[in-house]
Amino acid sequence: MADHTDVSSNFDTQTDINLQLGELDFTSEDFLLDEVDVHIQENLEDDIVKEALKKGVDLRQYSKEIEQDLLKVEHESVQDYIKESQNIASLHKQIASCDTILERMEQMLNGFQGDLSSISTEIQSLQDQSIAMNVKLKNRQAIRGELSQYVDEMVIPENMIKSILESQVTEDDFKEQLHELNHKINFVKEQSFRDARACVDVKDILEKLKIKAISKIREFLLQKIYSFRKPMTNYQIPQNTLLKFRIFNEFLMANERHVAKEVRDEYVDTMSKIYYSYFKGYSSRLTKLQFEEAAARDDLMGLEDTAKKDILFFFFFFFFFFFFFFFFFFFCFFFFFFFYFFYFFFFFSSKPTMKNRSTVFTLGNRGEILTTELEAPVIVPHAAAKSETRYSFESIFRSLHFALMDNCCREYLFLSDFFMVSGSGAQNLFESIMGKTLTMFLKLMEENVQDCYDSIGIFLSTHIVYRYQSIMAKRNIPALDRYWDTILNHLWPRFEYIVSMNIQSVRECEPSKLGHIDNRPHYITRRFAEFSAAIVGINASFPNDRVHRVLGQLQGEVENFILKMAAEFPQRKEQLIFLINNYDMMLSVLVERTTDDSKEAEMYRDLLAARTQEFVEEILAPHFGGLITFVKDCEVFLDRGQGDKLQTEEKRVQQIVRGFNNDWKKALESINQEVMRAFTNFKNGTQILQGALTLLIQYYHRFQKILSQPVFRNLQIKHELINIHHVMVEVKKYKPTF
């Protein structure tokens, strides 16, 4: 059916085209032919025509068949329309009815659209009205908030008036209302500059309340300050109470500065007197607890221990000799000999026990004052006096300055917090309170330092100052910076002066005047070693070039003294023993008290090694000098390539070999005993002995190496040589077992 329809359609199209071509009036034959060709080409491209041509069908016959089919379809279609005529009529009516309904709906929608347009206009109008009302509401709310706050800050409530007038200043309600009052006063001042008329209504009431509050605050603060003046009062307690009422001073500073100045001046005057009185009494009682027999002018490194005894003996001798001529002969003579016997027995039978005398040049436990005792509780004078306890210079110095530092830190923080000052203002206020006390302290320290000859005590005091400076720097309190600098300016020159006195004493010390001397460490070198170790150990935490300078000068004088003392010995071996004992003692003390790698320890280690090497050569020379000299001479010839000159040494070799074989064991024993007797430090002596024996083994090995040269090849004495391993076995017997 579809194929027929398509063919019919194509046929009708072709017919119409032909009719149209017949109706056209062509003016050009070429144009007509072109159109026909185009039409034919289009028909040939039709799928049905292509299929028919492919099958070889006759188009004319095929066209007739198609035409018949079309007629048949047409008749069938007419019959179908006739059968469906009623339905078509009904459909036509329905379509007409739908058109009517749609028309009415169109009218309704047009009306609804008009209504919506009017509603949109009304909504826009309402929206504009809403925006305007919202703006008015916000403006009214903003005005209401500011106006309400203004009224609240301007109005003086009844409970404020009642609290300011009737409440105690220590009550919390009074402090709260005072804070509100201060706020209202500031607010009214601000509004009065704007010419607010409402200020006139409350200004008088606020002024009366301010006067009443200032009166009560002034009375309270002055009473608290006056309470500091009561005897035996711990002023820190009322100070802590004042900090709780810091708002009172803030109120005075903001509203009545002359009253605030009156309170501050009263506090400054009161505390200045309290601190001065406290520290003056404490320092005077504390200085009485110092050792009675502390270091004096004659306690110098280069003076003998008996210097004071001789002076004292001369005094007593002169005293009793004077009485001998002015009183009865027998009575005075008897008394003189009795007292002389007592003096001789007391001063010469045993060494006097003088407290703290041993620490003039040694540190001992005094270094603990820079560690565990640095922030220990201060010394209580009456308790120490009751127990008859005495203290060194640095202990009293530490206690005084720890108390000063502690009180000054607390006072500086109180002033900064309560009086609301900082920087130079806080420093000036602090100095107005503590200035008199600090001046008294400086004068006291200057007197004590000038009377002190304890160099270690002075040096410990300088490092106490350094540590207290560090503590206050960590607390960010610069209150005592100038005071610490002034104290250091007193301590350092005194330390250098005392050390210079010791340097002079060592320089002027003549070994010939010291009497009998031995090769043990001298007391001057021991004093220097202890003193140097103490100073170097203390100085390690806060290094100072001034210390190295003065200590270097003292060290140079001590070294010169050691060399002068060594020159008193006639033999070089004894000189070396003396030098080694002194260097070893100084090195041991330095290593024990300081670090092993310090510059001073390294220097003495080098000196000790050089003198030890020389001593080893000296101690081997009496027993094995021929062997050592032969080895050195032969090695010189061999190094120069002159080995032929050794041919004349056969006789000398025989003497050396036979001498060595006969005496080497006795020589080892003799060297061992001599070394053990010579050195006070057993460990050092054993090390020197091992060094000597090791050097002997080396020389013997070099001797055998020389005998292996071609020039000594046929030497018969070589068969008598003792095997070096046998010598080493014998040497090992002297090896220490520790």
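**Helix packing and a buried asparagine**

The protein has 25 helices and zero strands, where helices (H or I, at least four residues) and strands (E, at least two) are DSSP runs numbered from the N terminus. This is a predicted model, in which local features need pLDDT of at least 70 and side-chain atom pairs pLDDT 80 or more, while totals for chains, interfaces and linings use all residues. Residues are numbered from 1 along each chain as its sequence is written, and side-chain values use heavy atoms, without hydrogens and water.

Me: What share of the 738 residues counts as buried?
Reply: Buried means under 20% relative accessible area, with a 1.4 Å probe and protein chains only. Of the 738 residues, the share that counts as buried is 37%.

Me: Among contacts between residues at least 6 apart in sequence, what share joins residues at least 24 apart?
Reply: Contact here means heavy atoms within 4.5 Å. Among the contacts between residues at least 6 apart, the share joining residues at least 24 apart is 79%.

Me: Is Asn407 buried or exposed?
Reply: Asn407 sits in helix α15, residues 393-418. Its relative accessibility is 7%, so Asn407 counts as buried.

Me: Which backbone oxygen does the side chain of Asn407 reach?
Reply: Leaving aside neighbours within four places in sequence, Asn407 is in contact with Tyr235, Gln236, Tyr275, Tyr278 and Phe279. At 2.6 Å, its side chain reaches the backbone oxygen of Ala403.

Me: How are α20 and α22 oriented to each other, roughly parallel or roughly antiparallel?
Reply: Helix α20 (residues 545-567) and helix α22 (residues 599-640) have axes 13 Å apart and pack at an angle of about 20°. Angles under 35 degrees count as roughly parallel and those over 145 as roughly antiparallel. The two helices are therefore roughly parallel.

Me: Which residues of α22 make the contact with α20?
Reply: The residues of this contact divide into three nonpolar, two polar and two charged. On the α20 side are His548, Gln555 and Glu559. On the α22 side are Glu600, Met603, Tyr604 and Leu607.

Me: Is α21 roughly parallel or roughly antiparallel to α22?
Reply: Helix α21 (residues 572-593) packs against α22 with axes 9 Å apart, at an angle of about 150°. That is why α21, relative to α22, is roughly antiparallel.

Me: How many nonpolar residues does the contact of α21 with α22 have?
Reply: By class, that contact has one polar and eight charged residues. Its nonpolar residues (Ala, Val, Leu, Ile, Met, Phe, Trp, Tyr, Cys and Pro; Asp, Glu, Lys and Arg count as charged, the others, Gly among them, as polar) number 16.

Note on methods: Axes are lines fitted to C-alpha atoms, for helices over the stretch in contact, and angles run from 0 to 180 degrees between N-to-C directions. Angles under 35 degrees count as roughly parallel, over 145 as roughly antiparallel, 65 to 115 as roughly perpendicular and the rest as oblique. Buried means under 20% relative accessible area, exposed over 50%, partly exposed in between (1.4 Å probe, protein chains only). A polar contact is a pair of N or O atoms within 3.5 Å; within protein, one must be able to donate a hydrogen and the other to accept it, and residues adjacent in sequence count only if both atoms are side-chain atoms.
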